[in-house]
Amino acid sequence: MFALRKEIRAVFDESTVTVYQAFNDEIANHALATGNLRHPSFSLNRMTWIKPSFFWMMYRCNWGLKDVNQSRILEIKLERECFQVALSRACLSRFDPSCHPSVEAWRRKLKVSDVRVQWDPERDINMEVVEGLRSIQIGLSGAMIAAYSQDWIRSISDITDEVAKLNRLRMDGKFQELEAKLNREKPYPISEDIALELGASIPRRF
């Protein structure tokens, strides 16, 4: 039996944190040309989910092969300060008795929060579940999605071709070569207050 860890694992430095999203050609081309996501096809009226875990993003979009709406994979570097704001305003998408005193308290928080958090099973290089490890998905809506789509973004890179090459290595069983090409993710430091609110594991070392 594995002890369950819920970690924000990400590529980050002192000022930025990297997340991933997959889009269609129209949104991706606009994002690369303008440095923001404010294309008409990118709705500000529905929740958008950002993912710091590369492998979980690959699982979600099947390495860019799932469908045309997730065929272009973008690596988005966010201002770390803005990412922190999102975490501080987040509410779990499901009730967790270890985080909230009652269902009613959770529902009150959910009603006013424009950031959602889900903990999903992390995936390994073969897209199999990593036992005992959950990765974060962060859903943004309202004022948060408006700010994210334009103001929070430091840079946007199209990694679709790189992902295709990595997937070929995976399919050929060249796992060491694939892993050597990946950016190293590490546990992202969060405050005890945020960890308690989201049921997250606090990294042992920042």
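In the predicted model, the largest pocket has a volume of about 550 Å³. Its lining comprises 20 residues, among which Q21, A22, F23, R46 and T48 are the closest to the centre of the pocket. Three elements, β3 (16-23), β4 (48-50) and α2 (54-61), each supply at least two residues of this lining, and the greatest contribution is that of β3, which gives three residues. In terms of residue class, the lining of the largest pocket consists of eight nonpolar, eight polar and four charged residues.

The second largest pocket has a volume of about 400 Å³ and is lined by 22 residues, of which F54, F55, L182, N183 and E185 lie nearest its centre. Two or more residues of this lining come from each of α2, β7 (115-123), β8 (129-140) and α6 (160-171), with α6 providing the largest share, three residues. The composition of the lining of the second largest pocket is 10 nonpolar, two polar and 10 charged residues.

The buried residues of α1 (residues 25-34) are I27, A28 and A31. Viewed down the axis of the helix, these buried residues fall within an arc of 100°, and they therefore line one face of α1.

The cysteines were examined for disulfides. A disulfide is a covalent bond between the sulfur atoms of two cysteines. With a cut-off of 2.5 Å between cysteine sulfur atoms, the count comes to zero disulfides. For C91, the closest cysteine sulfur is that of C99, at 9.4 Å, and this separation is too far for a bond. C91 is classed as buried because its relative accessibility is 0%, a value that lies under the 20% limit for burial. C61 likewise counts as buried, since its relative accessibility is 0%.

Note on methods. Residues are numbered from 1 along each chain as its sequence is written. This is a predicted model: local features need pLDDT of at least 70, side-chain atom pairs count only at pLDDT 80 or more; totals for chains, interfaces and linings use all residues. Side-chain values use heavy atoms; hydrogens and water are left out. Buried means under 20% relative accessible area, exposed over 50%, partly exposed in between (1.4 Å probe, protein chains only). On a 1 Å grid over the protein atoms alone, a cavity is a set of points where a 1.4 Å probe fits but cannot get out, and a pocket is an open set with protein on both sides within 12 Å along at least five of seven lines; lining residues have an atom within 4 Å of a point. Grid points are joined across faces, edges and corners, and a volume is the space filled by probe spheres set on the points. Helices (H or I, at least four residues) and strands (E, at least two) are DSSP runs, numbered from the N terminus. Ala, Val, Leu, Ile, Met, Phe, Trp, Tyr, Cys and Pro count as nonpolar, Asp, Glu, Lys and Arg as charged, and the others, Gly among them, as polar. The arc is that of the directions from the helix axis to the C-beta atoms.
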